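Q: I have a new model open on my screen and would like to learn how to read it. Could we go through it together?

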Amino acid sequence: MPSFGGMQQAVGQLRPAAAAALTVQLEDLPVETTIEILSHLDFATLDKMLLVSRRLKRIIESHWATILSAVVEQDFSPAEGFLAVLRDVILPGSGVHSADSGILNGSSQLKLPSSAGGFYAVMNFCRAVKRWEAEFPSLRFCYLPQHSRSLEPHELRRLRSALYAWWRFAHAFHGPAPCPPGLDNSPEGRRSFIRQFSTAQLHELYDLWSTIDAAVGTRVCPSTSAVIAMGNPGAPWKMMTMEEAARIGWGTYAVHIEIVQTMVKLRPEDLLHLLVYRHRYATKASVIQFVRLRHPRIEEGPQTLTAAILDVVEERQSSPFPPFPFKLSFPLNHGGILDHKTPELEALRDVYNTDAGSGVHDYPQWLQDRDLSMTVRGGRLDSNS
Amino acid sequence: MAPIQILKLQNTFKPGGKVFEVERAAAEHSGLVQMLLQDFDDSDLEAIIPISVDVSDKGLAKVFEWMTHSKDLPKTTDDGSVRGPDDSAVNWKPLTFSDWDKKFFDALDSEALYEILIAANYLDIKPLYELGCQFVANMIRGKTTEQIREILNITSDFNPEEELRIREQKALVKDESETAEKN
């Protein structure tokens, strides 16, 4: 039994008794001071402030752009990635941008639009990012329980960076919204989108994407064979019949893979919903119904992110750098979003973080064949169809 | 004549305010004082400089205590740049609490903390204002909504339905399983 006494003591030391008795007459302070105080909060506490009083809620709603700018720097770095999602996905066309000097000198000059309508969309996005942060370790270490741990702040930053990239890719190429103007939902169009990221970033994104793929394949739609292997938890002595397993499971081998590859096209917030609330959906049919509701055209084809990442990493093998030394294969208990095993390997991250935007030239023929094989396979949700 | 090194400041918000003698280098943390220094000759500064802010002399004494202790720290000027003791530009750095600052803030009572925020805002003492706001933020960080209300002396004016609606609005991943099951 862990010693809770010790923990309480530690918490007690962090919060001296004197601080508990101290109060501030916030309602009497000028609005600008309240805004300044709110800007120093972390996101979770700021979110709670919406429930404290009407006046506070109103202040946050009318000044959210100022308040969140400071919070983003602190809780949602890299701010460029965060803003890119706001610009492309959450508030398209509303002129989100970052002032040149702001991010660099830390004086938080993010330019967020101040319309009240955007506020709840941005808050929901922030909440989803924080929930992904909370859920990710259990998904990432699912097959490595002995290595299970929480993520370090710099690893969380990598996770967020990967989440932002996925959010944008999914919005542009996985639907349900049509591909935005200026982008082209073809293999080359997707590669050119992916080329904006460095190889190190792609490695992190691939880690996230593999983790999601595995989580959906086990938690949301386990294969029929996995269902048989799990047995009947209610009556372990009773063998599960093939029919029963097929009723619960989501197909075997190729069929199961196709279903998972279709399911992961859901928007990040919807996938999060399924991962968190899967237990509330009693039947496969109810899951499928939810998925079709959220993404009516999801069955038109499988996900395209894996191919785009692999292609771009592959085509960069002939770049000025030595070939990328890390295997794109997860789960490993190190690398990707997590730290590498040694400082030497960790230093390579910097080397491979400088090639963003490169790799357009020598696209090998055999890779184009892979595109073809990826596109012919259809999307699928139902193992019986 | 040597430049005036001690300034006399008096809060005239209420009659009978104490006259504070503050070192010029300390007083220059205040944007308001900087402006006065620019506009007046040294001969004018021998007189008492009136300020008018709704805080007690006790609160003001605390503000001047912080300013005097921090007189050698870089000053934020009117144009937003930060200046060192020899008036050279200094790179902006995020403010952190020094050990002395921590002791200073921890020793405050609620009224003094409130008055420091009001006075630092009025006198435009950017570092003290920011530290004060940061200190309040640290007080409520990680607390429950109910605890936050206690610390900020706020009584909830939401009715239960409103509170529920906001909570639902905040529900990060909406629970749509019920609608899906019903259909």
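This is a predicted model: local features need pLDDT of at least 70, side-chain atom pairs count only at pLDDT 80 or more; totals for chains, interfaces and linings use all residues.

Q: Where is Ser223(A) found, and which residues does Ser223(A) touch?

A: Look at the loop between α11 (199–220) and α12 (224–230) of chain A, where Ser223(A) is found. Leaving out residues up to four places away in sequence, Ser223(A) touches Gly217(A), Gly249(A), Trp250(A), Gly251(A) and His256(A).

Q: Is Cys133(B) buried or exposed?

A: Cys133(B) has a relative accessible area of 0%, so Cys133(B) is buried. Its place is in helix α7 (residues 126–140) of chain B. Setting aside neighbours within four places in sequence, the contacts of Cys133(B) are Thr33(A), Glu36(A), Ile37(A) and His40(A), together with Leu117(B).

Q: Now for the strands. What is the order of the open sheet in chain B?

A: The general idea is that strands of a sheet pair through backbone hydrogen bonds, either parallel or antiparallel. Here the open sheet has 3 strands in the order β2-β1-β3 (chain B), and the pairing is mixed. β2 (19–23) and β3 (49–51) of chain B are at the edges with a single partner strand each, so one side of each is left without a neighbour in the sheet. From one strand to the next, the twist averages 35°.

Q: How many bridges join β1(B) to β3(B), and over how many do β1(B) and β2(B) pair?

A: Strand β1 (residues 6–11) of chain B runs parallel to β3(B), joined by 3 bridges. With β2(B), β1(B) pairs in the antiparallel sense over 5 bridges. You can follow individual residues across: Leu9(B) has Phe20(B) as its bridge partner in β2(B) and stands opposite Ile49(B) in β3(B). Likewise, Gln10(B) stands opposite Val19(B) in β2(B), and Asn11(B) is opposite Ile51(B) in β3(B).

Q: My next topic is helix packing. At what angle do α4(B) and α6(B) pack?

A: The idea is to look at the angle between the axes, the distance between them and the residues in contact. α4(B) and helix α6 (residues 110–122) of chain B pack at an angle of about 65°, and their axes are 9 Å apart. That makes α4(B) roughly perpendicular to α6(B), because angles of 65 to 115 degrees fall in that class. Their crossing is right-handed.

Q: Which residues make the contact?

A: From α4(B) come Gly59(B), Leu60(B), Lys62(B) and Val63(B), and from α6(B) come Glu115(B), Ile116(B) and Ala119(B). Sorted by class, the contact of α4(B) with α6(B) has 4 nonpolar, 1 polar and 2 charged residues.

Notes: Residues are numbered from 1 along each chain as its sequence is written. Chains are lettered from A and ligands numbered from 1 in the order in which they are written. Side-chain values use heavy atoms; hydrogens and water are left out. Two strands pair if DSSP finds at least two bridges between them. Helices (H or I, at least four residues) and strands (E, at least two) are DSSP runs, numbered from the N terminus. Axes are lines fitted to C-alpha atoms, for helices over the stretch in contact, and angles run from 0 to 180 degrees between N-to-C directions. Angles under 35 degrees count as roughly parallel, over 145 as roughly antiparallel, 65 to 115 as roughly perpendicular and the rest as oblique. A crossing is left-handed if the near helix is turned anticlockwise from the far one by less than a right angle, and right-handed if clockwise. Contact means heavy atoms within 4.5 Å. Ala, Val, Leu, Ile, Met, Phe, Trp, Tyr, Cys and Pro count as nonpolar, Asp, Glu, Lys and Arg as charged, and the others, Gly among them, as polar. Buried means under 20% relative accessible area, exposed over 50%, partly exposed in between (1.4 Å probe, protein chains only).
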